[in-house]
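Keep the viewer open and find each residue as you read.

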Amino acid sequence: MSSEEPRVPAVADATNQAEGLSAIEIARKYDLTPKIMPYLDRHLIFHLLAFLRDQQFYPAEELLQNTYDLLEPTNMTDYLMDLWKQIHGKEDIDIPREFLLKREKVMQEWSALQDETAKITGLLENPDVISNFRSDKMQNLQFLKDNHGVTDDMIDALLKYGQAAYSRGSYDQASDILYSFRILSTDSDKVNQATWGKLACEILTVNWEGAMEEIQKIKEAIDTKPFLNPTAQLQQRTWLIHWALFPLFNHEAARDTILELFFSPNFINTIQTSCPWVLRYLVAAVITSKKNSGSSRAAAIQQKQFKDLVRVVRQELYEYSDPITEFIAALHLDFDFEEAQKKLGEAEEVIRSDFFLQVFCATEQSEGVEPKNAFVESARHLISEAYCRIHQRIDITDLSQRLNLSQDDGEKWIVNLIKDTRVDAKIDYKNGTVIMNHPPQSVYQQVIEKTKGGFFRTQVLHAAVTR
Amino acid sequence: MATSRFFHGGLGDSESSSSEEDYSEEEEELEEDAQAEDESDESESTEDDDGDDSDDDDDGELEDGNAGESQNKRNLFTRDVVDEDDSDEDGLRRIVKNKKDKRFEEIETSIRLIENAEKINDWFVISQEFDKLNKLVTKAGHGDVVPKPYIKAVADLEDFMNETLVKEKTAPKKMNATNAKALNSIKQRLKRNNRQYEQEISQYRADKENYLLEPEIEDIPAPQKPTFERAEPESVDDDSGAYSIVTRGGKAVQLTKESIFKHLKVIIEARGKKNTDRTEQIRTMEKLLELAQTPYQKIRVLVALISTRYDLSFGVLSYMATDQWKAAEIELNNLLQVLEENPSWVIVENGDEWDDDEKAPPTPAPGEIFKISGSIISFVDRLDDELTKSLQNIDPHTTEYVERLGDEAALYKIIVRSQMYFERLSGNKKASSIGDNLNRTVMRRVEHLYYKPLAVIETIEEASYTLLTSESSSDVLRSDLRKENPATIVQSLCSHLYKNDSTILRTRAMLCHIYHLALRENFYKSRDMFLMSHLQENIHNADITTQILYNRTLVQVGLCAFRNSLISEAQSCLQEILGSGRVKEHLAQGVGPQSRYSTITPEQERLEKQRQLPFHMHINLELLEAAYLTCSMLLEIPAMAAAGSSPDMRKKVISKTFRRMLEFHERNVFPGPPENTRDHVFQAANALAAGDWKKSCDLIQAIKIWDLLPNSESLKQMLSVRIQEEGLRTYIFTYAPFYDVLSLTRLSEMFDLEERKVAALVSKMIAHDEIAAALDQINKTLVFRKGVEVSRLQTLALALSDKASGLIELNERVFEQKAQSGAVGGLQENTTRPGGGGRGGKPRGEFSGNSGGGNRGRGGGRGRGGRNVQFAGERSTTKS
């Protein structure tokens with residue numbers, strides 16, 4: 001993995017406009033890119049840098065240079081040459097000899113590997129061979145060895161071939177090659193490498209279903225494999241967490257699975273220990289996923305996750321905080337609504353400048369109207385929910401103000417809120433107030449709630465024990 | 001000269017003192033006075049020597065320091081007696097003469113008996129007669145001369161004894177036991193005895209035939225004739241100093257560069273034996289040191305000298321005298337300097353013993369390394385321990401203590417220096433492995449630093465740095481020292497230990513590091529380190545001093561939390577130690593009150609005394625108590641108010657100690673004005689419970705001990721804010737049943753808090769379901785809901801359902817752990833640990849006890865004496 005650090009310019013550009021300054025400052029202050037980078041692959045970081053270039057927080061030349069440095073060890077020679085030209089500002093400048101040499105060398109290696117693996121790839125494309133495959137890896141390997149003269153070296157060459165393909169930037173191809181490698185290889189270490197490689201390929205080719213599969217595989221590998229030193233295990237988990245951020249925010253269907261993964265004890269510990277900044281994404285993901293709660297079971301899970309989230313945020317407040325986590329802290333730890341509102345304003349800025357979170361505003365930005373931010377929407381929801389829980393009578397004007405809405409919008413908002421959720425409330429139009437009704441939970445109801453699942457759970461447990 | 005002989009005549013056994021009565025009968029009447037003086041003197045010295053002869057362990061040792069001095073005094077005294085004698089009348093002198101003759105006769109008889117006994121090899125008789133002979137000579141010898149026959153006899157006896165000893169070795173048959181014993185004792189005594197008469201004996205040996213024939217008159221000045229180079233010329237004219245000088249002077253003759261090793265060998269062989277005079281040895285060695293020239297000689301002498309100095313004091317409770325300590329410190333410094341200047345000599349524990357002392361000392365070729373056996377680390381350890389011991393024993397309120405404490409700088413310098421020495425050794429491949437010596441020195445260093453404030457560390461570092469540079473030549477290591485920043489020095493030293501050590505030193509280093517961090521206000525860092533170290537799980541297996549360090553660290557972390565206004569964290573840290581009621585014992589800051597049910601043996605008590613920390617390392621107990629009680633008050637009073645009268649809630653006690661003391665305090669019929677810290681806190685607690693936060697605030701602020709803390713003003717500020725908040729909560733809890741609606745503005749006036757703050761506090765209480773109420777935004781009021789009171793049966797039903805679900809959760813968790821660890825062999829109650837293998841590197845969230853559901857158990861249990869108490873304060877989170 002790359003240990004590349006972007007050279008963040010120390011002095012703010014003097015040409016920055018006065019009003020734009022604060023937004024950029026916030027964006028810079030809470031820019032997580034440098035923290036995330038050590039845990040990502042070069043090819044993944046490339047996209048982060050590309051995003052930063054679009055955002056123009058940092059001088060473009062520096063970022064260009066950074067991108068160039070980043071990609072230098074890879075085999076994407078053509079792209080590198082383009083970059084080099086860009087850096088030096090002229091299209092027609094002479095390309096240094098090293099580039100050409102390198103390109104030649106890469107091409108040579110590439111064709112050598114191609115030759116080496118030609119036989120095995122050929123075999124794998126042969127339907128006769130495929131039809132003879134069983135579920136047992138050893139058997140397959142034996143079969144290939146016996147009937148087609150495949151050696152272990154050839155299989156290992158396949159892995160190298162896959163790496164080379166990845167390094168060239170042909171991710172689809174790499175993904176296929178690694179897939180075939182995994183079918184054949186019995187070396188668990190190498191299979192692991194291949195899995196990581198495949199995950200990167202899937203992410204880069206925006207194949208989220210594939211990526212999710214790989215994430216599951218890696219997770220199992222990390223959990224089951226006996227690690228000699230726990231640090232290595234921790235590091236692998238940390239990587240996985242960072243890589244999983246890509247599907248988390250780009251693939252709606254994967255969100256619940258990944259959140260579940262993140263909230264499992266091992267991973268939440270990893271987040272707390274080695275990468276507390278991921279909490280920002282966790283908060284964002286949990287808040288935004290609140291809306292689409294389907295069944296009551298899902299709602300229960302979400303509630304639990306939210307509780308866990310608040311707890312973790314509280315615990316890590318001294319180690320990591322940004323406007324997004326502070327928002328949660330203000331709302332659910334201090335119950336300071338004014339503070340929460342302020343933080344929400346800052347958080348909006350942060351979200352706009354974050355590679356992963358920008359999806360929340362990007363989708364609707366094209367409409368041209370006031371950019372609606374999914375996160376901000378959900379956060380408002382959260383505020384009003386908390387507000388209603390505590391209050392008995394609320395002034396609509398005041399509430400709309402808190403939610404950054406006009407009076408009419410606020411009223412509409414509240415109506416929707418009452419409609420959507422199970423809040424027991426009425427609007428007193430004359431006085432301009434909302435009246436909440438908090439029926440005390442009956443004791444009987446409480447007891448029933450608490451003991452509801454008990455019998456079933458005990459039965460399950462009993463069955464499991466007797467087995 | 002004469003006096004000294006007189007004194008030494010008394011060497012004999014006490015047995016002769018009774019026989020002495022027989023022959024002195026006649027003179028008694030004549031020189032009663034003199035004799036009386038003599039007698040007493042005699043018996044005194046006999047006793048002394050007896051002590052030396054037989055088991056001289058403790059008394060002899062203590063006496064030794066003064067021995068030289070008292071001898072001189074005695075000599076002065078006895079000489080006076082002699083002078084008196086001389087100035088007596090003529091008649092008296094005549095009779096004395098007669099007495100002398102008589103004595104000589106007796107001496108001759110004794111000698112004859114000895115000679116006879118020699119023939120039949122009867123050592124028992126020889127021994128007896130030898131004692132008698134010595135007595136007689138002493139009696140007779142209040143003149144100037146030793147009778148020549150005596151010299152002859154002892155010389156012959158020595159020869160014969162040596163012969164016998166040689167024969168004995170080869171003889172097929174051994175002597176019988178009594179004989180052998182007598183021989184042995186005479187061997188020792190004779191050697192010592194003859195040492196005084198060395199000159200005479202050598203004269204005799206030189207001319208055996210004529211020696212006796214020489215007229216006595218001529219003999220008289222003989223001993224005073226300077227037949228050899230005297231070290232001190234004043235011995236001639238100053239009789240009083242004669243004794244010590246004879247022996248010392250006599251030695252000085254032989255103390256030459258060539259014979260250094262011979263003497264050393266003798267001294268080293270005598271080490272640990274009974275009746276070796278260590279002061280004397282030290283003096284000899286000091287002389288030898290002056291003579292020593294080559295580094296090898298210096299090193300050898302210094303090593304022997306330092307260990308002899310340490311031998312001076314032993315026993316558990318006694319400590320080294322300050323002057324000896326200082327001398328040892330200087331010598332150790334010299335030793336290190338010699339080693340620094342001569343890198344080809346090293347001292348290692350498994351060095352080669354250079355047996356052949358006669359040979360010229362080896363000269364190593366440049367670049368080669370010659371090993372001398374010895375142990376720098378044990379010297380440093382001992383020096384350190386002795387200082388600690390003396391600090392333990394000195395009354396801390398005297399200036400002596402402060403002066404002694406000043407020596408720590410010198411000690412620290414030595415530790416640093418020896419660390420550099422070991423670093424040099426470890427860098428050198430040729431030197432054999434130095435084991436954990438380096439780690440041990442580094443640990444010593446850490447232990448001297450960790451409890452000190454930054455400024456002091458800086459000074460002490462600075463001092464050791466300047467001292468070192470001024471003293472010795474420039475060295476590469478010297479520059480290394482400079483770069484150590486006082487703020488990070490403990491950190492860097494500790495990380496050295498983390499990397500290179502895996503024993504108890506590492507544990508201690510961790511604790512010291514945590515302590516240091518806590519002292520410097522890094523609460524979160526120190527807490528995280530504490531939890532990640534997982535020490536609380538196995539600290540009760542550690543040795544007691546480490547446990548004490550653990551307790552100290554825990555308490556310090558608690559105080560740090562308190563200073564950073566983290567009340568509940570502080571409370572849970574301090575609870576463990578302060579709640580036990582045996583604070584003094586747990587922190588080794590004095591022996592606690594004796595428990596009624598267990599009696600402590602003197603042995604235990606002695607051990608406990610040994611473990612006590614010197615005063616300057618103490619953590620102020622009163623401050624601790626004040627912090628603990630204040631924290632408990634801030635947590636307990638609202639909790640008690642919230643619990644109201646419901647018996648179930650009453651059971652949830654945060655601090656038992658606090659409750660007990662509060663009850664005790666409330667039982668007082670006439671509470672007077674507060675006198676001590678405890679009174680202040682409890683009266684404040686009562687005021688707080690009654691809703692009178694101002695009074696409570698005043699009482700807490702009046703506690704004087706806060707001034708010990710840095711920036712006590714801001715601390716007091718923090719405390720009063722906390723009291724306001726908790727007062728508000730207590731008020732609402734207490735009076736909720738009596739109100740329908742409460743105005744927030746009124747509340748904010750009552751408790752002098754911002755309205756926003758009041759709203760936040762109340763909201764929090766509502767959100768946590770602590771009160772059944774809601775806010776009315778328009779009227780800015782708090783509206784209480786009615787009809788939420790539950791009956792007793794309902795409460796019980798709720799509690800039961802809670803417990804049932806808790807039980808299910810617990811079972812599920814246990815099963816999960818079992819399944820994970822792959823050992824599903826029946827569900828056992830109380831499976832404590834989850835499959836540890838499946839966890840990341842800094843496993844923070846492990847459970848170490850089966851705490852109830854929902855608790856992330858960040859702390860893990862910690863046990864001292866089997867108790868398991870949760871450490872970190874995640875209580876409030878589990879509630880939510």
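1. Start at B:Ser565, which sits in the loop between helix H27 (544-563) and helix H28 (567-578) of chain B. Helices (H or I, at least four residues) and strands (E, at least two) are DSSP runs, numbered from the N terminus. B:Ser565 has a positive phi of about 55°, although it is not a glycine. With a relative accessible area of 28%, B:Ser565 is partly exposed. For that word the cut-offs are these: buried is under 20% relative accessible area, exposed is over 50%, and partly exposed is in between (1.4 Å probe, protein chains only).

2. Before you go further, a word on the source: this is a predicted model, in which local features need pLDDT of at least 70 and side-chain atom pairs count only at pLDDT 80 or more, while totals for chains, interfaces and linings use all residues. Residues are numbered from 1 along each chain as its sequence is written, chains are lettered from A and ligands numbered from 1 in the order in which they are written, and side-chain values use heavy atoms, with hydrogens and water left out.

3. Now look at B:Glu521, in the loop between helix H24 (504-519) and helix H25 (523-533) of chain B. Phi of B:Glu521 is near 70°, a positive value in a residue other than glycine. B:Glu521 is partly exposed, as its relative accessible area is 32%.

4. What does the secondary structure of chain B come to? There are 40 helices and seven strands in chain B. Of the 880 residues in this chain, 47% are buried. Take the contacts in chain B (heavy atoms within 4.5 Å): among those between residues at least 6 apart in sequence, 69% join residues at least 24 apart.

5. The expected span of a helix is 1.5 Å times one less than its number of residues. Helix H16 of chain B (residues 295-312) has 18 residues and should span 26 Å, which agrees with the 26 Å between its end C-alpha atoms. Because 16 of its 18 residues are buried, H16(B) is largely enclosed by the rest of the structure.

6. The buried residues of H18(B) include B:Ile376, B:Phe379, B:Val380, B:Asp381, B:Asp384, B:Glu386 and B:Lys389. Among the buried residues of H3(A) are A:His43, A:Leu44, A:Phe46, A:Leu48 and A:Phe51. An α-helix has 3.6 residues a turn, so residues three or four places apart point the same way.

7. Next, how do helix H31 (residues 621-643) and helix H33 (residues 656-667) of chain B pack, at what angle? The angle is about 80°, with the axes 10 Å apart. Axes are lines fitted to C-alpha atoms, for helices over the stretch in contact, and angles run from 0 to 180 degrees between N-to-C directions. That makes H31(B) roughly perpendicular to H33(B) (angles under 35 degrees count as roughly parallel, over 145 as roughly antiparallel, 65 to 115 as roughly perpendicular and the rest as oblique). Among the residues in this contact are B:Tyr628, B:Met633 and B:Glu636 of H31(B), and B:Phe658, B:Arg659 and B:Leu662 of H33(B).

8. Chain A has a pair to set beside this: helix H16 (residues 278-289) and helix H21 (residues 374-390) pack at about 70°, their axes 8 Å apart. H16(A) is therefore roughly perpendicular to H21(A). From H16(A), A:Ala284, A:Ile287 and A:Thr288 meet A:Ala374, A:Phe375, A:Ser378, A:Ala379 and A:Leu382 in H21(A).

9. Stay in chain A for A:Gln315, which lies in helix H17 (residues 296-316). Is A:Gln315 buried or exposed? At 4% relative accessibility, A:Gln315 counts as buried. Its side chain is joined to that of A:Gln272 by a polar contact of 2.9 Å. A polar contact is a pair of N or O atoms within 3.5 Å; within protein, one must be able to donate a hydrogen and the other to accept it, and residues adjacent in sequence count only if both atoms are side-chain atoms.

10. Finally, find B:Leu798 in helix H39 (residues 792-821) of chain B. B:Leu798 counts as buried, at 14% relative accessibility. Not counting residues up to four places away in sequence, B:Leu798 touches A:Val443, A:Gln446, A:Val447 and A:Lys450.
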